[in-house]
Amino acid sequence: MKKNPKFDDIRPYYEDEIHEAMKRIAASEVFPLVASYVYPDMPIEAVRERVAGFTTTREFQHDTMRRVNEQVIARSISEFTCSGIERLDPKKQYLYVSNHRDIMLDSSLLQYFFVVNGFETTEITFGANLMMNPLIIDIGKANKMFKVERPGGSIKEFYQSSLHLSEYIRYVITEKGQSVWIAQRNGRTKNGIDATDQGIIKMFCMSEPKDKIKALADLNIVPVSISYEWESCDILKALELYESQYTRYTKKPGEDLNSILTGILRYKGRVHIELCEPVSVAELSAFEHQTNNEYHKSVARLIDRRINTAYHLYPNNYIAHDLLYGSMKYRSMYTEEQRQAFLKRLAKLDRYDETCDVEQLKEIFTAIYANPIDNK
């Protein structure tokens, strides 16, 4: 594949850059800690030599990253399932538009599923705010991750960065021959309400401004719905939502890294990923006579319907809904043991009684799990 310097500021590593990145990763001071998690039965020097010897993204993903996901599943997921792969053509490239609940695992678990099913992995959007140190940059860019700038600066700068991202996504799918994973909105869903930002749809269209139907049809959009029985960052999300009621929320130093580690380590119960029916040209054409703004909104709602319909509801969702609304409407959907487990998790919020109105905090927490029922 011919290199395109136009995208050097955001692209993942080229294959000829992988070997040096692997040597840097293996030489990192935190490598022994990471290696003990990923390769628990191998001596550290053997792991260091193994990783430093990788020369391709495929080797890194099919060995190290496959093991990362296997360890996450073995240690913190009781059942991992994924369905809908029969809807895909292995020879086609897609734009996977996913709901976003966990910083790393949403895309990582999907890549794992592709690897074990013989599909090519995708390129992945990687928020510039997450590029917090050289090691994470090396791991990310060796994993086909490309940088996405968070909104900021002037309107002109935001427009230019959006156009650049749109052009890169189109280039990856239509010229580079790779698929792309992107979240349906900027940042994770905190309140349990998965909703596609129509601005994302607008951004997709920016690189093909003359034909809005072709602009999206060429990208082969596949909505992706990921559901966690227990959200590993649920308490952190509830605290953020609570604070946001009273002041503009500002992330603390190290908060993103803490969320990544919490997402990896905390128990998640059952996790399901659904690859939904791809958005068809016929569906897009039905919106052809709408204004651009209406078109972007209609496509966003179409993706939302797919994601919300495919979202797997667990006993926690029904328990939370009954608790939030003081009803027994869904009592048949869970056992008393499951209800007690949820109440035990809820009781962990009592430790914040000196800084929060705990009852209000518990209501916010409960809504995180209850809202997906109303979404459906």
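Mentor: The charged end of lysine 212 sits over the ring of tyrosine 295, 5.3 Å from its centre. This is a predicted model, in which local features need pLDDT of at least 70, side-chain atom pairs count only at pLDDT 80 or more, and totals for chains, interfaces and linings use all residues. Residues are numbered from 1 along each chain as its sequence is written, and side-chain values use heavy atoms, with hydrogens and water left out.

Trainee: What makes the pair of phenylalanine 54 and phenylalanine 60 tilted?

Mentor: The structure holds 16 aromatic pairs. In this one, the centres are 6.5 Å apart and the planes 55° apart. Ring centres of Phe, Tyr and Trp (its six-membered ring) must lie within 6.5 Å; planes under 30 degrees apart count as stacked, over 60 as edge-to-face and the rest as tilted. The angle of 55° therefore gives a tilted pair.

Trainee: How do you know whether phenylalanine 60 is buried or exposed?

Mentor: Its relative accessible area is 2%. Buried means under 20%, exposed over 50% and partly exposed in between (1.4 Å probe, protein chains only), so phenylalanine 60 is buried. Phenylalanine 54, at 6%, is therefore buried as well.

Technical notes. Lys NZ or Arg CZ within 6 Å of the ring centre and 35° of its normal.
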